[in-house]
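Subject: Structure handover

Hello,

Please find the structure below, followed by notes on what was found in it.

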Amino acid sequence: MKKWGFLLFLLLSLFLTFIYKESSFESKADIPNVEVLKYEQHENDKAEDRRASENSQQTDISEEQIYQGNLLLVNKKYPVRPESIKLDVVDLFTHSELVKGYGLLDRTYLSEDLARKFSDMITAAGKEGVSNFFITSGFRDFDEQSKLYQEMGSAYALPAGYSEHNLGLSLDVGTTQMTMAKAPEGKWIEQYAWKYGFILRYPEDKTDITGIQYEPWHIRYVGLPHSAIMKEKGLVLEEYLDYLKEKKKVSAKVESKKYTVSYYPFSENMTIHIPENHEYEISGDNIDGVIVTVYK
Ligand SMILES: [Zn+2]
C-alpha cells in the first residue's frame with residue numbers, strides 16, 4: 001500500500017510540475033525577448049578596460065548627475081530634489097497636438113517628451129483594438145501634492161516631494177470602461193508597456209518592497225532596455241537598482257538590439273570611458289551613483 005501511495009504521489013507531482021510549466025510557458029509568450037548576458041568578470045574586464053582606454057570617448061561625471069535622468073528612484077526614503085524635476089512640463093490642455101489617441105479628465109500637466117512617448121504607446125495599443133485610455137493625473141508640483149496629501153491623508157497620498165508625480169516621469173492612466181485592474185486597457189499596459197520604456201511602478205505582488213498599494217493605473221517611464229529587463233526578471237525599480245549595483249555590469253539584448261548597462265558609485269573627479277562609435281545615456285539613481293547605458 002505504502003509503495004502505491006508513494007507512486008501516486010510521484011505521479012501527481014509530475015503532473016502538477018507539467019501543468020505549472022505549461023502555464024508559465026503561456027505567460028512567457030508576453031514576456032520580452034530579453035537575453036541578459038552573463039558578463040565574464042576579471043580577465044575580460046581588464047582586457048576590455050585596456051581596449052577602452054585606447055579607443056574610447058571620455059565623459060566626466062558631476063555630482064548633480066546622481067539626481068538627473070530616467071532611472072531616479074523616488075519613494076518615502078528618497079525624495080524628489082528640485083534639480084530632478086523635468087524642465088519640459090507643459091499644459092496638455094493647450095497642447096492638443098500632444099493629446100492623440102487618449103482623453104484628459106482635467107487640466108493635466110506632463111513632460112512634453114513623456115507625452116510623446118505615452119502617445120506612441122497608446123497608438124500601438126489602439127492598433128490592437130485597445131483604445132479607451134485617458135490620463136487621470138500627470139505632473140504635480142509640490143503645492144498641488146501638498147493639497148492632495150492634506151485632502152486624502154497618508155494612506156492615499158504621499159507628502160510633497162515624495163511622489164513620482166512631482167518628478168515628471170509618471171502618470172496615472174484610466175479607462176472609460178471599468179477599473180484598470182480588470183479593463184483590457186490595464187491588462188494591455190501590464191503586458192506591453194515595457195516595449196515603450198514604461199513600467200507598472202506598483203505591482204500587486206511587490207507592495208512590501210514599494211511600500212505602496214497595488215496601483216494598476218500608475219506608470220513610470222524608465223526607458224529601454226531597463227523596462228524590458230525589469231519585466232523579464234520581475235523586478236520593481238528598487239530591486240532593479242540593487243541588481244545593477246550588485247552586478248555592476250549587465251549586457252542585454254532586447255529585440256536584437258544590444259545594450260550594456262553599468263552602475264558606478266559616484267566619486268570626486270569621476271571619469272567614465274565609453275567605447276567609440278557608441279551612443280550612451282547617463283542617469284543617476286537619486287541615491288549615490290550613476291547608471292550608464294551604452295548601445296549602438
Ligand atoms: Zn500615480
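Strand β13 (residues 279-284) pairs with strand β14 (residues 289-295) in the antiparallel sense, over six bridges. Helices (H or I, at least four residues) and strands (E, at least two) are DSSP runs numbered from the N terminus, and two strands pair if DSSP finds at least two bridges between them. Within this pairing, Ser-283 has Ile-291 of β14 as its bridge partner. The hairpin has four residues between the strands, and Asn-286 takes a positive phi near 70° there.

**Model and numbering**

This is a predicted model: local features need pLDDT of at least 70, side-chain atom pairs count only at pLDDT 80 or more, and totals for chains, interfaces and linings use all residues. Residues are numbered from 1 along each chain as its sequence is written.

The mean pLDDT (the predictor's confidence in each residue, from 0 to 100) of the protein chain is 86, and 83% of its residues reach 70 or more. Two residues are in contact if their C-beta atoms, placed from the backbone, lie within 7 Å.

**The chain as a whole**

The secondary structure of the protein chain comes to eight helices and 14 strands. Of its 296 residues, 31% count as buried. A residue is buried if 20 or more other C-beta atoms lie within 10 Å of its own, exposed if 12 or fewer, and partly exposed in between, with C-beta atoms placed from the backbone. Among contacts between residues at least 6 apart in sequence, 65% join residues at least 24 apart.

**The five-stranded sheet**

Five strands form an open sheet with mixed pairing, in the order β4-β6-β7-β9-β8. Its edge strands are β4 (102-104) and β8, each of which pairs on one side only. Neighbouring strands of this sheet are turned by 40° against each other on average, direction ignored. For such angles, axes are lines fitted to C-alpha atoms, for helices over the stretch in contact, and angles run from 0 to 180 degrees between N-to-C directions.

The individual pairings are as follows.

- β4 and β6 pair in the parallel sense over three bridges; the bridge partner of Tyr-102 in β6 is Phe-133.
- β6 (residues 133-137) and β7 pair in the antiparallel sense over four bridges; Phe-134 has Gly-174 of β7 as its partner.
- β7 and β9 (residues 218-221) run antiparallel and are joined by three bridges; Leu-171 has Ile-219 of β9 as its partner.

Strand β7 (residues 170-175) is mostly covered, with five of its six residues buried.

**Helix α5**

Which residues of helix α5 (residues 184-192) are buried? They are Glu-185, Gly-186, Trp-188 and Ile-189. Seen down the axis of α5, these residues fall within an arc of 160°, so they line one face of the helix. The arc is that of the directions from the helix axis to the C-beta atoms. The buried residues of α5 pack against α3 (112-127), β6, β7, β8 (198-200) and β9.

**The loop between β9 and α7**

Val-222 is located in the loop between β9 and α7 (226-233). Val-222 is buried because 23 other C-beta atoms lie within 10 Å. Leaving out residues up to four places away in sequence, Val-222 touches Asn-70, Leu-71, Gly-197, Ile-199, Ser-227 and Leu-237. Its C-alpha atom is separated by 9.4 Å from that of Tyr-196, 26 residues apart along the chain.

Pro-225 is also placed in the loop between β9 and α7. A cis peptide bond joins Leu-224 and Pro-225, with omega at about 5°.

**The loop between β10 and β11**

Most residues other than glycine have a negative phi, and most peptide bonds are trans. Glu-255, in the loop between β10 (249-254) and β11 (257-265), has a positive phi of about 45° although it is not a glycine. Ser-256 is found in the loop between β10 and β11, and has a positive phi of about 70°, again without being a glycine. Are these residues buried or exposed? Glu-255 counts as exposed because it has 11 C-beta neighbours inside 10 Å. Ser-256 counts as exposed, with 7 such neighbours inside 10 Å.

Regards
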